Amino acid sequence: MTSFAPDSIVLNRKLPLWYQVSQSLRASILGRSPEEPLRLPTEERLAEHYGVSVLTMRQALKELEDEGLISRHRRRGTFIEPGVRRGAPVRLLGSVDAIVAQQSGMTTELLEHGRVPVPAALAEYFPDLAEVAAYHRLRSDEKTGEPTNHAVNHIRPDLAERIDPGDLVRWPMTKVLRDVVKADIGRITDTVQARLADPETARLLDVPLLSPILHYTGVTYDSAGRVLDVAVIHYRGDRFSFTVTLDAT
């Protein structure tokens, strides 16, 4: 029987390996195509794929099982849950793959894209630019069709020239920048605030005006500290929660 093939990952030895593996595998699962197999490779094959011990792989799989993304059956194997509910809590622990996992697993509609003047609120991030490329996307639960979040990415024009808009329907922007454009991603800084839905956000997310939403800003820097992308995402407050864990070592 053919098994699902997860993406690869370069592990950061300063972060817990099981966490990085679980987030990478989570992103692969949520971003899979419907026609891909539901069966996962064995623990041993997955451990070899990620370059970790079987014990570490087992801990990563338990995290995904507890979340309801996979089910494990004695003698039969491990399977992706086909009807898993999207928009589960996200744990952020310094991994780019955690960001990819956060953005994955929903039906995405590219509403519009093109060059625009740098918004005044983002001028500090792009002091050398007069324009950026803006990509507006609406993500929905693929089972119910319910809108879950509205994202606007503000990208440096030189990077935008190498982006195929069709890729943004299939993959998160972070994955496109890292794996397709081959951008030099040094770090991503996240800020999450509680806000009330304005008329446009309420319309897009199909919620009452002034409903609570999560306002997320993700700033992607290259290794020299230059901003590559500023993502502004509005999440429905009834569908998402964020947990940030800080490593003490």
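This is a predicted model: local features need pLDDT of at least 70, side-chain atom pairs count only at pLDDT 80 or more; totals for chains, interfaces and linings use all residues.

Visitor: What does Y50 touch, apart from residues up to four places away in sequence?

Guide: With those neighbours left out, the contacts of Y50 include P6, D7, I9, L11, V21 and S24, as well as L25 and M57.

Visitor: Is H234 buried or exposed?

Guide: Buried means under 20% relative accessible area. H234 counts as buried because its relative accessibility is 14%. This histidine lies in strand β9 (residues 227–236). Its side chain makes a polar contact of 2.8 Å with that of H215. Among the residues that H234 touches are T148, N149, H150 and T201.

Visitor: Which residues form a nonpolar patch on the surface?

Guide: The patch consists of L196, L209 and L210, with about 320 Å² of accessible area together. L196 belongs to strand β7 (residues 187–196), and its relative accessible area of 55% makes it exposed.

Visitor: How many salt bridges are there?

Guide: A salt bridge pairs a side-chain nitrogen of Lys or Arg with a carboxyl oxygen of Asp or Glu within 4 Å. The count here comes to 14. One of them joins K62 and D66, whose closest N and O atoms are 2.9 Å apart. These two are 4 residues apart in helix α3, so about one helical turn separates them. K62 is partly exposed at 46%, whereas D66 is exposed at 55%.

Visitor: Which parts does the pair of R236 and E146 tie together?

Guide: The closest N and O atoms of R236 and E146 are 3.5 Å apart. R236 lies in strand β9 and E146 in the loop between β5 (131–140) and β6 (147–155), so the pair ties together parts that are 90 residues apart in sequence. R236 is buried at 8% relative accessibility, while E146 is partly exposed at 26%.

Visitor: Which residues are linked in a network of salt bridges?

Guide: E43, R58 and R72 are linked in this way.

Conventions: Residues are numbered from 1 along each chain as its sequence is written. Side-chain values use heavy atoms; hydrogens and water are left out. Contact means heavy atoms within 4.5 Å. Buried means under 20% relative accessible area, exposed over 50%, partly exposed in between (1.4 Å probe, protein chains only). A polar contact is a pair of N or O atoms within 3.5 Å; within protein, one must be able to donate a hydrogen and the other to accept it, and residues adjacent in sequence count only if both atoms are side-chain atoms. Patches are made of residues with over 30% relative accessible area and no salt bridge: like charges are joined within 9 Å, nonpolar side chains (Val, Leu, Ile, Met, Phe, Trp, Tyr) within 5 Å. Accessible areas come from the Shrake-Rupley method with a 1.4 Å probe; for residues, only the protein chains shown count as cover.
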